[in-house]
Amino acid sequence: MNWKARLRNKAFWLSFSALVVLIAKTFKLFEVPADWEKTINTALSLLVAMGVLMDPTTPGVLDERNPGE
């Protein structure tokens, strides 16, 4: 894993921030209105997944078209 490239990537920091908020919410460090709970959980989970699945060595959030070439 290329940590230098990952740490310079804005999408990584966005997903990392979402993960921190999701963990803080899980441990009830702050409260979210009940009617927004599902929406916020879904949005934060999608942001975390985006950071896990993205390839920081390519522009944007897309993977290489021809890996290994």
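The following questions and answers concern a predicted model.

User: How are H2 and H3 oriented to each other, parallel, antiparallel, perpendicular or oblique?

Analyst: The axes of H2 and helix H3, residues 37–53, come within 8 Å and cross at roughly 140 degrees. Only angles over 145 degrees count as roughly antiparallel, and 65 to 115 degrees as roughly perpendicular, so the two helices H2 and H3 are oblique to each other.

User: How many of the residues in the contact of H2 with H3 are nonpolar, polar and charged?

Analyst: From H2 the contact draws on residues including Leu 14, Ser 15, Leu 22 and Lys 25, and these helices meet through H3 residues among them Glu 37, Ile 40, Leu 44 and Val 48. The residues of this contact divide into 11 nonpolar, 4 polar and 2 charged.

User: Which residues form one aromatic cluster?

Analyst: Phe 12 and Trp 13 make an edge-to-face pair, at 5.1 Å centre to centre with 75 degrees between the planes. Trp 13 and Phe 16 have ring centres 5.8 Å apart and planes at 85 degrees, so this pair is edge-to-face. The one cluster is therefore formed by Phe 12, Trp 13 and Phe 16.

User: Is Asn 9 buried or exposed?

Analyst: Asn 9 lies in the loop between helix H1 (3–7) and helix H2 (10–26), and, leaving aside residues up to four places away in sequence, it touches Met 54 and Pro 56. Its relative accessibility is 12%, and because buried means under 20%, Asn 9 counts as buried.

How values were computed: Residues are numbered from 1 along each chain as its sequence is written. This is a predicted model: local features need pLDDT of at least 70, side-chain atom pairs count only at pLDDT 80 or more; totals for chains, interfaces and linings use all residues. Side-chain values use heavy atoms; hydrogens and water are left out. Helices (H or I, at least four residues) and strands (E, at least two) are DSSP runs, numbered from the N terminus. Buried means under 20% relative accessible area, exposed over 50%, partly exposed in between (1.4 Å probe, protein chains only). Contact means heavy atoms within 4.5 Å. Axes are lines fitted to C-alpha atoms, for helices over the stretch in contact, and angles run from 0 to 180 degrees between N-to-C directions. Angles under 35 degrees count as roughly parallel, over 145 as roughly antiparallel, 65 to 115 as roughly perpendicular and the rest as oblique. Ala, Val, Leu, Ile, Met, Phe, Trp, Tyr, Cys and Pro count as nonpolar, Asp, Glu, Lys and Arg as charged, and the others, Gly among them, as polar. Rings of Phe, Tyr and Trp (its six-membered ring) pair if their centres lie within 6.5 Å; planes under 30 degrees apart count as stacked, over 60 as edge-to-face and the rest as tilted.
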